[in-house]
Amino acid sequence: MSDLETRPPAAEAGNGLKRNAIGTGGIAFLVISAAAPLTVMAGVAPVAIGIGGIGAPMGYVIAGAVLLVFAIAFMAMTKHVKAAGGFYTYITLAMGKTVGLASAILAIVSYNCLQIGVYGLFAVQTQAMLQTLFGLDVPWPVVALAAIAAVWFLGYRGIDVGAKVLGVLLIAETAILAIMGVGILARGGAEGISFDSFSPEHAFTPGVLAILAICFAAFMGFESTVLYRREARNPDKSVPRATYIAVGFMSVFYAFIVWTVIQAYGNGNVVTAAGELADGMFFATINQYVGPWAEVVMYLLIVTSVYASQLAFHNAINRYVYMLAKDGILPSFLGRTHPKYKSPHRAGQIQTVLAAVVILICAIANADPYKHLLIWVNTPGIVGIVALQGLVSVAAFMYLRRNPGAVTNRLLVPVSIASAVLLFGVVALIAINIELLTFADALTNTILLTVTPTVFLAGLLIARRLRIARPNVFARIGSFETHDS
């Protein structure tokens, strides 16, 4: 039997997550940092512009609108889910323990794909910064392993320390993008200021629909607000507020920044510029409209932006593992927190070792840190998280139908249905346009797309096995009340 069954509540009291550690702002910083605004703008937005044309800003608006609908359905259940298990507990509450456990396993795999894959981007961006500013040529595996150690250290020190660091880094990277945008507008862009990006003829073209996968990827991590429920002050209010703030801010900010960059080159030239400059587009733009000093600052901040993203995903993964260990699915030692910092440090140690192993394997295989580690490893994570968002929407619909008292607004039920339809539609769009994310051959894309259903099916089989072989453990899956202490 696991510790949850054998220990009295008093014995567990000193082994919980740190209470009242972060408020609305801290949670918002954590999840917006996971999306890495500067990184997704400077590193990926040029691709969106190249494919979507001047209508690219609307791709981010559409993605934000869909995710806002999802957030409304998602948050409708917040007051009724008292554990910090994220998607796991929400889906378990409405759809049962078998589907809930499969979702938890898919979430852990998906977040690990996102977190570990981004070490490739960190290595590439840091290499470029060191070479450009200091003339240093550091091997990418060395950079990636150093980042893993730095992420582990702050994750180990606790959620409040991490939130403070992420807050500072997020403000800095947001500020440099805002300075660039204001600089462009102040100088009137290349051809004057135009709002054609938001006109129907440009906003709803096939190109804009094709980049929705890229746009949704820019929001990855915002849904993890609920993972911090146990550590939040007044979670019934702070978690929903942080969720809406995160979605609203990212949607408006991304669209604004991409629109200003279009103004910097003009409607007729921006697609060509995006193709020629690629991931150097934002650096060239800020150099021209603000000054060389700003380009240097952007090089430095894009490194800290990726680091902030890594730390946020690391924290999210650890809390999924912690909850599964508390439920007896994973070894009990992973469900223990640090006696001083109250962080799920043992889960963090396992995640750190896993990331290091993947980096070393890629280094030995001479893999490309951008194409193979970032793009190919990230893609199943994006598909998995969006699919889980769709599944949570279905769970919200089922829960609200069964519990009329939870329906505080008559629009909640139709909103949950709309959210599910929209999100599974996005999964289909990602699959159709997968080559825009991976630039890979058909076989590789097929393999990457099958990761999500394969992991989910494996999770269902594991749950069924537990139900037969370890019914006591199966009975505690999603056991919210045992985690309320």
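Student: In which helix do F256 and W259 both lie, and how many residues apart are they?

Tutor: In this predicted model, F256 and W259 both belong to helix α13 (residues 235-265), 3 residues apart, about one turn of the helix. An α-helix has 3.6 residues a turn, so residues three or four places apart point the same way.

Student: What makes F256 and W259 an aromatic pair, and why is the pair called tilted?

Tutor: Ring centres must lie within 6.5 Å, and those of F256 and W259 are 6.3 Å apart. Planes under 30 degrees apart count as stacked and over 60 as edge-to-face; the angle here is 45 degrees, so the pair is tilted. By this rule the count comes to 12 aromatic pairs.

Student: Why is W259 called buried?

Tutor: Buried means under 20% relative accessible area. W259 has 7% relative accessibility, and therefore counts as buried.

Student: How do you know whether N112 is buried or exposed?

Tutor: N112, in helix α7 (residues 97-134), has a relative accessible area of 10%. The cut-off for buried is under 20%, so N112 is buried. Leaving aside residues up to four places away in sequence, N112 touches G117, I317, Q351 and L354.

Key
Residues are numbered from 1 along each chain as its sequence is written. This is a predicted model: local features need pLDDT of at least 70, side-chain atom pairs count only at pLDDT 80 or more; totals for chains, interfaces and linings use all residues. Side-chain values use heavy atoms; hydrogens and water are left out. Helices (H or I, at least four residues) and strands (E, at least two) are DSSP runs, numbered from the N terminus. Buried means under 20% relative accessible area, exposed over 50%, partly exposed in between (1.4 Å probe, protein chains only). Contact means heavy atoms within 4.5 Å. Rings of Phe, Tyr and Trp (its six-membered ring) pair if their centres lie within 6.5 Å; planes under 30 degrees apart count as stacked, over 60 as edge-to-face and the rest as tilted.
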